[in-house]
Amino acid sequence: ALGCLVLVAVALGLQLPPVETVLLILPVLLVLLMEFVNSAIEAVVDRVSADIHPLSKIAKDYASVAVALAVAMVCTSWVVIAGPLLWDWFARALVS
């Protein structure tokens, strides 16, 4: 959750056009949402039975994959949208 707050703050601080700012923030919020869904699925599976069952494993694995895909979306959007801006900023800082 702290990482999400940091990324949202950085996205707002980059002073990009509004659409690009939203495209940086929404995937971050999606990661947070998927983490909640993942936790909910794990809690339900653990509540239903303490026994190890193949379907329980599949449910937990799919929830984890959803989180991983959301993280991949964050990485992609940040590399494509903020990457060039941050690259220029670091390059100028190194030259100075």
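Met73 is partly exposed, since its relative accessibility is 43%; buried here means under 20% relative accessible area, exposed over 50%, and partly exposed in between, with a 1.4 Å probe and protein chains only. The structure is a predicted model, in which local features need pLDDT of at least 70 and side-chain atom pairs count only at pLDDT 80 or more, while totals for chains, interfaces and linings use all residues. Residues are numbered from 1 along each chain as its sequence is written, and side-chain values use heavy atoms, with hydrogens and water left out.

Met73 lies in helix H3; helices (H or I, at least four residues) are DSSP runs numbered from the N terminus. Leaving out residues up to four places away in sequence, Met73 touches Pro27 and Leu30, where contact means heavy atoms within 4.5 Å. The C-alpha atom of Met73 is 18 Å from that of Leu2, a residue 71 places away along the chain. Leu69 also belongs to helix H3, and the C-alpha atoms of Leu69 and Leu32, 37 residues apart along the chain, are separated by 12 Å.

| Residue | Relative accessibility | Class |
|---|---|---|
| Cys4 | 15% | buried |
| Met73 | 43% | partly exposed |
| Cys75 | 44% | partly exposed |
| Leu69 | 53% | exposed |
| Gln15 | 72% | exposed |

**Helix packing**

The axes of helix H1 (residues 2-13) and helix H2 (residues 18-48) come within 9 Å and cross at roughly 175°. H1 is therefore roughly antiparallel to H2, a class that takes angles over 145 degrees. Axes are lines fitted to C-alpha atoms, for helices over the stretch in contact, and angles run from 0 to 180 degrees between N-to-C directions. On the H1 side the contact is made by Cys4, Leu7, Val8, Ala11 and Leu12, and on the H2 side by Thr21, Leu24, Ile25, Val28 and Leu32. These residues of the contact of H1 with H2 comprise nine nonpolar, one polar and no charged. In this division Ala, Val, Leu, Ile, Met, Phe, Trp, Tyr, Cys and Pro count as nonpolar, Asp, Glu, Lys and Arg as charged, and the others, Gly among them, as polar.

H2 and H3 have axes 9 Å apart and pack at an angle of about 170°, so they too are roughly antiparallel to each other. The contact of H2 with H3 involves 20 nonpolar, four polar and five charged residues.

**Nonpolar core**

A nonpolar core is a set of buried Ala, Val, Leu, Ile, Met, Phe, Trp, Tyr and Cys residues joined through side-chain atoms within 4.5 Å. The largest such core has 15 residues, of which Leu14, Leu24 and Trp78 touch the most other members. Two or more residues come from each of H1, H2 and helix H3 (54-95), and H3 gives the most, with six. Apart from its neighbours within four places in sequence, Leu14 is in contact with Leu24, Trp78, Ala82, Leu85 and Leu86.

**Loop and cysteines**

Gln15 is found in the loop between H1 and H2. Its phi is near 55°, a positive value in a residue other than glycine. Most residues other than glycine have a negative phi.

The whole structure contains zero disulfides, a disulfide being a pair of cysteine sulfur atoms within 2.5 Å. For Cys4, which is in no disulfide, the nearest cysteine sulfur is that of Cys75, 12 Å away. Cys75 is likewise in no disulfide.

Terms used
Angles under 35 degrees count as roughly parallel, over 145 as roughly antiparallel, 65 to 115 as roughly perpendicular and the rest as oblique.
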